[in-house]
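Colleague: Please walk me through how to read a few local features of this model, taking one at a time.

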Amino acid sequence: MPVRAKLDRVAARQPLSSVVFDQLLDRIVGGGFRAGEALPSERQLTAELGVSRTAVREALARLAQLRLIQIRHGGETRVLDFRVTAGLDLLPSLLRRANGRISAEVARSGFEMRAALGPDMARLTAERRDDRVVAELERLLEEMAAADGELGALQQLSLAFWTVVSTSSGNIAYQLAFNTLRESIKDLPGLAHAQAAELRDLRGYRAMADAIRKHDSAAAMRAARTHIGIGLEGIAQMHRKRGAS
């Protein structure tokens, strides 16, 4: 399908600058524009995509903010190697591709990061928690039990559980990394289905909460590693089924 036809199809659902951003992002991360290569000029992009120059400029500004391109005023705009220059704020855009599909490869990467950070967040929370943390985790466990296995509700409650753990860890770097991951996946039901066994693992949540309550940092770390590993395997299966996308 021609690029302009794609833009016409989705333009009614979001601002044109966002549509242009998604299209250019997809071409950059997909290798259509290679690192070091000059992007077409604003005039060329305006003609190719059939949009206003303002929409193109706004899209380019977002790409530059994410460190995907370098804009040289009066010169060429160059594509950067996003694997070297970009930060975690790019993750949501990589996870949700312009065609609306979830990138299984990026999802696996995000959950691998979570598997690395989560156990240590649980360890630190067990060491540093106060009574309010214990009470909040208990409240969330009660709501999980009442959700009766409904994945949408459990996904949101799981994110809330881990938000308490991350904010109680006392590690700002962990908190910011988790915030990015949470905002990336919170409205993706497809990931909830892949993660279903973990979301329904109430015994795993209970084991973490009990270890945190007892200030048992080693047990909290073990429980978190086991629990998160269940979800990681589900995401890995989704990746194997779809292939890297």
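Modeller: His215 is placed in the loop between H13 and H14, where helices (H or I, at least four residues) and strands (E, at least two) are DSSP runs numbered from the N terminus. This is a predicted model, in which local features need pLDDT of at least 70 and side-chain atom pairs count only at pLDDT 80 or more, while totals for chains, interfaces and linings use all residues. Residues are numbered from 1 along each chain as its sequence is written, and side-chain values use heavy atoms, with hydrogens and water left out.

Colleague: What phi does His215 have, and is His215 buried or partly exposed?

Modeller: His215 has a positive phi of about 60 degrees although it is not a glycine, and with a relative accessible area of 40% it is partly exposed (buried means under 20% relative accessible area, exposed over 50%, partly exposed in between, with a 1.4 Å probe and protein chains only). Arg67, in the loop between H4 and strand E1 (69-70), also carries a positive phi, of about 65 degrees, without being a glycine, and its relative accessible area is 37%, partly exposed.

Colleague: How do I read a helix with a buried side, and which residues of H8 are buried?

Modeller: An α-helix has 3.6 residues a turn, so residues three or four places apart point the same way. In H8 (residues 131-146), the buried residues are Val133, Val134, Leu137, Leu140, Leu141 and Met144. Seen down the axis of H8, these fall within an arc of 130 degrees, so they line one face of the helix (the arc is that of the directions from the helix axis to the C-beta atoms). On the other side of H8, Asp131, Arg132, Glu142 and Ala146 are exposed.

Colleague: What covers the buried residues of H8?

Modeller: The cover includes helix H7 (104-128), helix H9 (151-168) and helix H13 (202-213), contact here meaning heavy atoms within 4.5 Å.

Colleague: Which residues touch the most other members of the largest nonpolar core?

Modeller: A nonpolar core is a set of buried Ala, Val, Leu, Ile, Met, Phe, Trp, Tyr and Cys residues joined through side-chain atoms within 4.5 Å. Here the largest has 38 residues, and Leu60, Leu63, Leu95 and Leu191 touch the most other members. Helix H2 gives the most to this core, with 6 residues. Leaving aside neighbours within four places in sequence, Leu191 is in contact with residues including Leu95, Phe111, Ile235 and Met238.
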